[in-house]
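Please read these points with the structure open beside you.

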Amino acid sequence: MSLSNLTPIPELYVSPESAQKLKVEAGHLPSWDLTPRQICDLELLLNGGFNPLKGFLSEADYDSVVETMRLADGTLWPMPITLDISEEFAAKIEPGQDIALRDLEGVILAILSVTDKWVPNKAREAEKVFGADDLAHPAVNYLHHSAGKVYLGGPVTGIQQPVHYDFRGRRDTPNELRAYFRKLGWRRIVAFQTRNPLHRAHQELTFRAAREAQANLLIHPVVGMTKPGDVDHFTRVRCYEAVLDKYPSATTTMSLLNLAMRMAGPREAVWHGIIRRNHGCTHFIVGRDHAGPGKNSQGADFYGPYDAQDLFKQYADEIGIEMVDFKQMVYVQEKAQYFPVDEVSEGATVLDISGTELRRRLREGLDIPDWFSFPEVVTELRRTSPPRSQQGFTVFFTGLSGSGKSTIANALMVKLMEMGGRPVTLLDGDVVRKHLSSELGFSKEHRDINIRRIGYVASEITKNGGIAICAPIAPYTATRRAVREMIEAYGAFCEVHVATPIEECEKRDRKGLYRLAREGKIKEFTGISDPYEAPETPELCVDTTGVDVDNCAHQVILKLEQMGLIAGN
Ligand code: PPS
């Protein structure tokens, strides 16, 4: 048996002595503050997880990867690993320059020797890599709304590893894992990729896979970035540790992978295979709907359930790792056992709980049966996912000046405080402009900064179990969407469009601003000389014309009740 999978693979770090010197020199270079996703990518570039890449893709490699899943020299590589930057930063950088890459605290992790700078065709990237230019795909959404407009490419020189303070003992570089397998004499290793808590079906599947491949098992969960809305990795790792005890100890180990997933289904499966090969594994489990992103904007799946297995099969030799493919595992009640769905005999009673159903049961505090999961895992999940009626949430009012946002928001706040249970904070437009955004004006750029600040504060309140009520104008759809995403990572977001028509707002003119705007004394006034993009699908729409405030606030309360956010009487 060849042990080539266990010999060290190249890393991109310089020696500790050179690193010290390089760090000092790099202090004078232009520097780029890496985004969380770029830090994940950089870590795997540097430690060999993305071997054979030597840096962020050049334009030629990028084009070739997008079109053909291969680098320009023909090597299989399915995912564009690019350094996206802002146009402002791009204007200062030319190919031939070195730049320092810094983490969120400003620590220099690596130097990028820029060989290429270009403006990518993002629509093409979305179509080719993710299968559709559809914003319902999280990576496409990221591409258009979070990623910078310009890409830089070139080799990277590693100065130091990104620092992690959590679960340090469970994080391994490819070479550390290879050394570990060597030490234990493991020659056949099957890797299991996951971004979800493990339940009994997963344990059964991984167990069978190890048996089939006559291999040891590596549980290799992703803790970098997964699909928005996933269970956070702190909770998941505690769950994994509980499940690890259920495997015979000498057969199985777990290591955490700081990968930023793209949810690219088939292409992602090939990528995951290459990454596991680099970590010294010989086999890789690909199940149903591997790295699936969910439904597209038409309500259909982006990829077929076994597309990933098909693509993997096609490239298995080049990936250099053997696929262990699995159908979905389901519980057969009569046998009190799990089976792959294609091995279930006719007439058997098949039980299954989908991810959505599990979340519903957690949200509503309902039973999660023993056949489905382990009690320790359920306890852990319940600790971090209390029922919705105990979680934090945000009510986000948007509408024209004078539409009645603040008045309803105030009434709502008082009603929620009367109910008690959770702290309530009102982030009213005027109040925020006084305390958080006093230096800002009303240009598009300043309005966006203002709304993002509100979104950030509301997301922190939501995360910590409180209720945030926001009442700015928030005239731009894209900014409101960004705020929604920030908040939905932690709790529910209820957008309320206060759709009082402009004629009514102007007639009221409570602050006398409309008159001044008409006279041209206030510039960029929303609805008069500045745009307001009305929400297309808010959770609720209210018009205050001829309706009293109490009634409007009550409509919001009913909506919140319907969303399960406040318990009914
Ligand atoms: S934004 O676009 O969301 O950042 O605006 P916001 O912070 O909610 O605005 C708060 C109040 O600013 C007053 N005001 C203006 N509104 C719109 N356009 C212009 N140019 C402007 N100048 C001042 C206005 O009173 C807003 O308060 P509300 O409560 O909406 O009437």
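**Notes on the model**

1. Over residues 171–383 the chain is 38% helix and 15% strand, with the end C-alpha atoms 24 Å apart. Helices (H or I, at least four residues) and strands (E, at least two) are DSSP runs, numbered from the N terminus. UniProt, in an unreviewed entry, lists this span, residues 171–383, as "domain: Sulphate adenylyltransferase catalytic". UniProt positions are given in the numbering used here, feature names are shortened, and annotations may be inferred rather than shown by experiment.

2. This is a predicted model: local features need pLDDT of at least 70, side-chain atom pairs count only at pLDDT 80 or more, and totals for chains, interfaces and linings use all residues. Residues are numbered from 1 along each chain as its sequence is written.

3. The unreviewed UniProt entry also lists residues 10–160, as "domain: ATP-sulfurylase PUA-like". That span is 36% helix and 21% strand, and its end C-alpha atoms lie 15 Å apart.

4. Helix α9 (residues 233–244) packs against helix α13 (residues 375–384) at an angle of about 170°, the axes being 9 Å apart. This makes α9 roughly antiparallel to α13. Axes are lines fitted to C-alpha atoms, for helices over the stretch in contact, and angles run from 0 to 180 degrees between N-to-C directions; under 35 degrees counts as roughly parallel, over 145 as roughly antiparallel, 65 to 115 as roughly perpendicular and the rest as oblique.

5. From α9, the contact uses Thr235, Arg238, Cys239, Ala242 and Val243; from α13, Glu376, Val377, Glu380, Leu381 and Thr384. Two residues are in contact if their C-beta atoms, placed from the backbone, lie within 7 Å. The contact residues of α9 with α13 are five nonpolar, two polar and three charged. Here Ala, Val, Leu, Ile, Met, Phe, Trp, Tyr, Cys and Pro count as nonpolar, Asp, Glu, Lys and Arg as charged, and the others, Gly among them, as polar.

6. Helices α10 (residues 265–278) and α11 (residues 307–319) cross at roughly 35°, and their axes come within 8 Å. Residues of α10 including Gly265, Ala269 and Ile274 meet residues of α11 including Asp307, Leu311 and Phe312. The contact of α10 with α11 has nine nonpolar, two polar and two charged residues.
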